[in-house]
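I opened this model to look up its strands, its core and the ligand shell. My entries follow in the order I made them.

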Amino acid sequence: MSNVLSCLGLSTVGNVQTCSKLITPSAHLADGLFFVRIPPLIFASTKKAAMSSSSENLPLPAQINQLIRSRRSVFPDQFRKDISIPDDIIWQLLENANWAPNHKQTEPWRFVVFSGEGRKKFASFQASRYKESAGEKFRQDKYDKLLNNPLLSSHIVAIILKRSTTVNIPEMEEIAAVACAVENIYLSATAYGLGGYWSTGGITYDPAARTFLGLEGEDRLMGTFYLGMVRITSPGGKRGDIKEKTIWVKE
Ligand SMILES: Cc1cc2nc3c(=O)[nH]c(=O)nc-3n(C[C@H](O)[C@H](O)[C@H](O)COP(=O)(O)O)c2cc1C
């Protein structure tokens with residue numbers, strides 16, 4: 001069994017290790033063969049991470065353009081149910097989330113990750129909360145989806161805004177920082193060939209979720225990110241013309 005994160009050419013820059021040569025683009029797991037794209041990896045140490053701002057070894061602009069524009073939401077019914085994403089890769093996604101821009105260095109993102117049997121806890125909580133609160137609007141298909149989607153997924157990440165109690169900063173700026181962190185997850189998942197999407201359904205606006213996830217004070221649940229190995233890819237995206245959304249003042 002090979003380790004998907006194994007690599008040659010490990011080098012250290014400050015306290016960050018970079019892996020430049022990759023052994024394999026595939027990984028064998030006990031329950032079958034699957035393929036995860038392994039781009040050059042960056043491992044941050046457990047200490048306060050520091051990255052050089054040098055532009056050496058960065059992906060080319062054309063590669064970043066392609067990554068950003070080919071990112072698509074992939075939903076749980078498009079996931080493979082039989083295999084999980086290795087936790088090491090989930091850590092890479094979260095590490096990239098941790099590098100999001102944020103005003104006054106509050107780093108306001110927090111995550112609760114549900115995997116393995118933990119997915120059942122999340123699934124039964126969100127399905128039972130729906131049942132309790134839906135009243136006459138209850139729909140069996142919606143209940144089933146809330147129960148089944150987490151189990152179709154490999155990992156579910158609750159996205160939490162941890163409001164700073166020490167720094168005076170408008171909430172909007174911390175919400176924006178968390179959204180940047182989530183985009184980093186989206187893009188990293190795309191780079192690894194994984195599927196995922198940001199959901200603001202389920203328990204997102206349910207006050208009971210606060211206790212379930214340990215939220216305090218002005219913290220907010222900003223949704224959940226479902227992740228899985230892709231079984232069915234999403235259709236290409238569509239966007240309106242950026243020129244119609246931009247005013248450019250040149251003189
Ligand atoms: C803040 C936010 C909340 C979202 N919530 C949901 C949701 O609750 N359900 C859903 O199906 N998709 C949700 N999405 C994903 C969008 O449906 C998806 O981004 C959109 O259809 C564009 O597709 P793309 O991500 O493939 O470009 C959300 C996206 C964002 C940014």
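I started with S8. His155, Val157, Ile159 and Leu161 point one way from this strand, while Ile156, Ala158 and Ile160 point the other way. All of them are buried (20 or more other C-beta atoms within 10 Å of the residue's own, with C-beta atoms placed from the backbone; 12 or fewer is exposed, in between partly exposed). Seven of the seven S8 residues are buried, so the strand is largely enclosed by the rest of the structure. Strands here are DSSP runs of E, at least two residues; helices are runs of H or I, at least four; both are numbered from the N terminus.

I noted the provenance: this is a predicted model, where local features need pLDDT of at least 70, side-chain atom pairs count only at pLDDT 80 or more, and totals for chains, interfaces and linings use all residues. Residues are numbered from 1 along each chain as its sequence is written.

Next I checked the pairing of S8 (DSSP must find at least two bridges between two strands). S7 and S8 run antiparallel and are joined by seven bridges. Phenylalanine 111 has isoleucine 159 as its bridge partner in S8. S8 also pairs with S10, antiparallel, over six bridges. There, leucine 161 stands opposite arginine 220.

Which residues have the most contacts inside the largest nonpolar core? They are Ile159, Val178 and Ile185, in a core of 40 residues. I took a core as buried Ala, Val, Leu, Ile, Met, Phe, Trp, Tyr and Cys residues joined through C-beta atoms within 7 Å. H5 gives the largest share, eight residues. I then listed the contacts of valine 178 (C-beta atoms, placed from the backbone, within 7 Å). Beyond its neighbours within four places in sequence, valine 178 touches Pro108, Trp109, Ile159, Leu161 and Met222.

I turned to H3, residues 118–134. Its buried residues include Phe122, Phe125 and Tyr130. The buried residues of H3 pack against strands S7 and S8 and helices H4 and H6. Just after H3, glycine 135 takes a positive phi of about 60°.

Last, I looked at the ligand. Which residues surround it? The shell is Arg72, Ser73, Tyr197, Trp198, Ser199, Thr200, Gly201, Gly223, Ser234 and Gly237 (C-beta atom, placed from the backbone, within 6 Å of the molecule). Strand S9 (residues 194–199) supplies the largest share, three residues.

Terms used
Contact = placed C-beta atoms within 7 Å.
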